[in-house]
Amino acid sequence: MEISSKENPQFFSNTTILPVDRSSFKSESSASKEKRSCCGGIKIFLGALSFVYFAKALSGSYLKSTITQIERRFDIPSSLVGVIDGSFEIGNLLIIILVSYFGAKLHRPRIIGAGCLIMSAGTFLIAMPQFFMGRYQYERFPSTINSTISISPCLQDKSQTPLTTLEKPQAKTNAGCEKEAGSSMWIYVLLGNLLRGIGETPIQPLGIAYIDDYAIEENAALYIGCVQTVAIIGPIFGFLLGSLCAKLFVDIGFVDLDSVMITHKDVQWVGAWWLGYLIAGVISVLASIPFWFLPKHLPKPESRKDSSTSSEQSKFITEDNKDQYKSYQQQLKIAEMAKDFLPSVKNLFGNPVYTLYLCASIIQFNSLIGMVTYKPKYIEQQYGQTSSKTNFVIVPAVAFGIFSGGLIMKKFRVNVLGAAKLSLGSSFFGYLLLLSLFAMGCENSDVAGLTVSYHGTKWTTDYEQALFSECNSACACSKNDWDPICGENGVTYISACLAGCQASNGSGKNTVFFNCSCVGTLESPSQNSSAVVGPCQKGNECPKMFLYFLVISVITSYTLSVGGTPGYILLLRCIKPHLKSFALGIYTLAIRVLAGIPAPVYFGVAIDTTCLKWGSKRCGGRGACRLYDSSALRYVYLGLTLVLGTVSIFFSVAVLWVLRKRSSPQDETLSANGERGACGTKSRKDNFVNSDCLIQTTYWPEKETRL
């Protein structure tokens, strides 16, 4: 250094040595470390929360895919299945207020981890009835069972049938009725789903609020979109798991599968519905592990340290005291938190944007929950297809739609007013597309005595009386049986006896019936007509209609999903930051109580009104529905969905109107650097009443309650 200084005396003489502020370097270094710590911590939490969303979405979607299996296994109607499905929302309802309000002051990650363990316990409980119930028994005429005895389906002379065949069901009626109590095991499914709802409670309000608290403001929408997108992957695997388990017989591992005489296409088939719940329970346990090692608080980003509210929130909420939020963040006693509970509720519902958006969401979720719950049944009954084919293309469309909504919010820096517009637009065009599905249905299958007469003509009369005709009058048949066969004329008959079949050949799935007096047309006598086991397939036009239905469903799902993330941002930005968890909890509670619980029930009741043929239990009473009126089912299912969706759009318009009324023209546009107008965050706080960039307090019914 000495040589260098001598060689360059002029350089050193002309150079002014400025004092070095080491504290600034220290602060910059600590800030960069804090930023890295903040980013790393929030991303770890983001990954853990995404996996939890995946786990709960997988178990929830698997439940939806097993609705039909549970209905058949426990022989219960759709309305009761709706009650079982709604028990999840009831469990959520029991503790959502306490968790969302008090949980925000406690260790949020650990509360989420505990919720995952409870959710896994409920999932295991759902599968328990399979291990305590007897083996599944389906209706089958004796001639279709592996036997060396040849029995005539049409019992014209009861003496031709072995005595044991006729008397065996009667002899064991009392024993069967005693075992019938096993069908009440569906209560364990209800309780398990209830417990699963309790465990799921803290995930959404505490997890989303945690991200919004510690993420950089412009990244919050993208992070929430990512969480919801990963959550949509859960249903993909849930429905895939449901499709695989549905093809396995319910008693797999307990009975010889070679002795099973029905296939997975039969309406009496019950798949291994319990197996998927065991898998989902294990995944929920694994999802809980990371949350026990996450901190209670993360370092806040520099952009949020100087303000208790974000720049977006400062437009919609007032602050009477800047230190109010800081004092609120301190540890509070349970008594003090409980004292502020009612004022917080009053403040939330005094916010017109929050209240109107809550009403719109409740009605929209009524339509969506009802539609999703019974979509597998609708596809099966309307098109004769399995729902797995639809789910594999619809679920990715929903994921892409939610991610697109978050990406649009980030890329174009959409404000609250823009988020409301995007949410409204997606709902409007989504339900408009859904309207076209009315024209994409299939006609009723030709079922003798139900949808067509025994002569092949369509009619609408008393269905029970129409089951009997001259062609089967000599047969001793029961109208309660459901053992469908397909005649060579393309008409389905409820049983071989009602088809008037005099003889059979083969056994099990390969049974062929001959001399069926009711099979045939007026032009061709039916003396030598035959039939095979199982119902006939839908018409030739039905596969084409199903393809159209698939395309429209994918487009509709994507369109409706785009508005998901903007709706969340609208919800988070119209309330004060310390009430975010509580507001999300109230929002979730309202959705559960007013949409999640009633929607599956009244959708199920409405769908039950379209049933043409009910099954019967061994001890009497109505069982599960075997056949629906396709046209009536289409109008009831789609009609309810569209009516509810239309009402929700009117509330969304009201939300947009209130936001427009409280926003000045400067707030609706963004500058090139993403800042609004010339008013900064600080000036908004200091000059709230006189600022043109802010909403006037006179438009709000009340100010924020002091805590």
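Predicted model: local features only at pLDDT ≥ 70, side-chain atom pairs only at ≥ 80, totals over all residues.
**A quick tour of the model**

Residues are numbered from 1 along each chain as its sequence is written, and side-chain values use heavy atoms, leaving out hydrogens and water.

**The whole chain**

- The protein chain comes to 27 helices and seven strands; these are DSSP runs numbered from the N terminus, with helices being H or I of at least four residues and strands E of at least two.
- Of its 707 residues, 54% count as buried (under 20% relative accessible area, with exposed over 50% and partly exposed in between, using a 1.4 Å probe on protein chains only).
- Take the contacts (heavy atoms within 4.5 Å) with a separation of 6 or more: residues 24 or more positions apart account for 80% of them.

**Helices α6 and α9**

- The axes of α6 (residues 108–127) and α9 (residues 186–200) come within 7 Å and cross at roughly 170 degrees; axes are lines fitted to C-alpha atoms, for helices over the stretch in contact, and angles run from 0 to 180 degrees between N-to-C directions.
- That makes α6 and α9 roughly antiparallel to each other (over 145 degrees; under 35 is roughly parallel, 65 to 115 roughly perpendicular and the rest oblique).
- On the α6 side, the contact includes G115, C116, I118 and M119, and among its partners on α9 are Y188, V189, L191 and G192.
- By class, this contact has eleven nonpolar, six polar and two charged residues (Ala, Val, Leu, Ile, Met, Phe, Trp, Tyr, Cys and Pro count as nonpolar, Asp, Glu, Lys and Arg as charged, and the others, Gly among them, as polar).
- S120 also lies in α6, and it counts as buried because its relative accessibility is 4%.
- Leaving aside residues up to four places away in sequence, S120 touches G281, S284 and V285.

**The strands**

- Five strands form an open antiparallel sheet in the order β2-β1-β5-β4-β3; two strands pair if DSSP finds at least two bridges between them.
- At the edges sit β2 (492–493) and β3 (501–505), each pairing on one side only.
- Three bridges join β1 (residues 485–487) to β5 (residues 531–533), with G487 partnered by A531 in β5.
- Elsewhere, β6 (residues 611–616) runs antiparallel to β7, joined by four bridges, and C611 stands opposite Y628 in β7.
- Strand β7 (residues 622–628) is mostly covered, with six of its seven residues buried.
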